[in-house]
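These are my notebook entries on one protein chain. I looked up single residues first and turned to the whole chain at the end.

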Amino acid sequence: MEQRAKRSAVFILMLLLGLSLGVMLKYGYLKLLHHPNIITQDTSAHYEGTDKRVILYTTHWCQYCKQVQDYFKKHNIDYLSRDIESNDQKINFLFDSLKRADIPQIIIGNKVITGTNLSVVEKTLREHAFL
């Protein structure tokens, strides 16, 4: 009986160890594939012809873009919204230059923020004294 209990305990421990390793590998792999939320690059072309200091690449249907727009409105951030589905060749060229297909794309200074991580947006706005 004691031998059977030891085997069961070893089996359960091995099973838990295997599951733990599997979960860690899955999330580690996904983290490697995921783009960082913020990158630094030359964004000067995006500011040509505008006096806005924050630029948002968006679509009219994107709920995450709407969250960012609501955040900007709530905090009185003066921004330029560019709809990537407007068939404007200049907007498409500028958006493509970011080398990411995700939306929203937020440009603050020389920082490009992907997605709706509002804590990253807020931190970057504070770094540039926009908040």
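**Entry 1: threonine 124.** I found threonine 124 in helix α5, residues 118-127. Helices (H or I, at least four residues) and strands (E, at least two) are DSSP runs, numbered from the N terminus. Leaving out residues up to four places away in sequence, threonine 124 touches Ile38, Ile108, Lys111 and Ile113; contact means heavy atoms within 4.5 Å.

I noted the basis of these values. Residues are numbered from 1 along each chain as its sequence is written, and side-chain values use heavy atoms, with hydrogens and water left out. The model is predicted, and local features need pLDDT of at least 70, side-chain atom pairs count only at pLDDT 80 or more, and totals for chains, interfaces and linings use all residues.

**Entry 2: the nonpolar cores.** I next searched for nonpolar cores, each a set of buried Ala, Val, Leu, Ile, Met, Phe, Trp, Tyr and Cys residues joined through side-chain atoms within 4.5 Å. The largest has 14 residues, and those with the most contacts inside it are Val54, Phe72, Ile106, Ile108, Val121 and Leu125. Two or more residues of this core come from each of β2 (54-58), α3 (63-74), β4 (105-108) and α5. I then listed the contacts of phenylalanine 72: not counting residues up to four places away in sequence, they are Val54, Leu56, Ile77, Tyr79, Ile106, Val121 and Leu125. A second, separate core has 13 residues, including Cys62, Ile84, Ile103 and Ile107. In soluble globular proteins, nonpolar side chains tend to be buried together.

**Entry 3: isoleucine 77 and its loop.** Isoleucine 77 lies in the loop between α3 and β3. With a relative accessible area of 8%, isoleucine 77 is buried. Beyond its neighbours within four places in sequence, isoleucine 77 is in contact with Val54, Phe72, Leu125, Phe130 and Leu131. The C-alpha atoms of isoleucine 77 and phenylalanine 130 are separated by 7.3 Å, although the two residues are 53 residues apart along the chain. Asparagine 76 belongs to the loop between α3 and β3, but asparagine 76 is exposed, with a relative accessible area of 70%. Asparagine 76 has a positive phi of about 55 degrees and is not a glycine.

**Entry 4: β2 and β3.** How many bridges join β2 to strand β3? I counted four, and the two strands, the latter spanning residues 80-83, run parallel; strands pair if DSSP finds at least two bridges between them. Tyrosine 57 stands opposite arginine 82 in β3. The chain passes from β2 through α3 to β3 in a right-handed β-α-β crossover. Right-handed means that, with the strands pointing away from the viewer, the path from the first strand over the helix to the second runs clockwise.

**Entry 5: salt bridges.** I found three salt bridges, each a side-chain nitrogen of Lys or Arg within 4 Å of a carboxyl oxygen of Asp or Glu.

- Aspartate 78 meets lysine 52 at 2.9 Å, N to O. This pair links distant parts of the chain, 26 residues apart: aspartate 78 is in the loop between α3 and β3, and lysine 52 in the loop between α2 (44-47) and β2.
- Aspartate 70 pairs with lysine 66, with the closest N and O atoms 2.9 Å apart. They are separated by about one helical turn because they are four residues apart in helix α3.
- Glutamate 122 pairs with arginine 126, with the closest N and O atoms 3.0 Å apart. Arginine 126 counts as partly exposed, at 49% relative accessibility.

**Entry 6: the loop between α4 and β4.** Which bond joins isoleucine 103 and proline 104? I recorded a cis peptide bond, with omega about -5 degrees. Proline 104 is placed in the loop between α4 (89-97) and β4. Lysine 99 is in the loop between α4 and β4, and its phi is positive, near 65 degrees.

**Entry 7: the whole chain.** Lastly, I recorded five helices and five strands, in the order α-β-α-β-α-β-α-β-β-α along the sequence. Of the 131 residues, 31% are buried.

Key. Buried means under 20% relative accessible area, exposed over 50%, partly exposed in between (1.4 Å probe, protein chains only).
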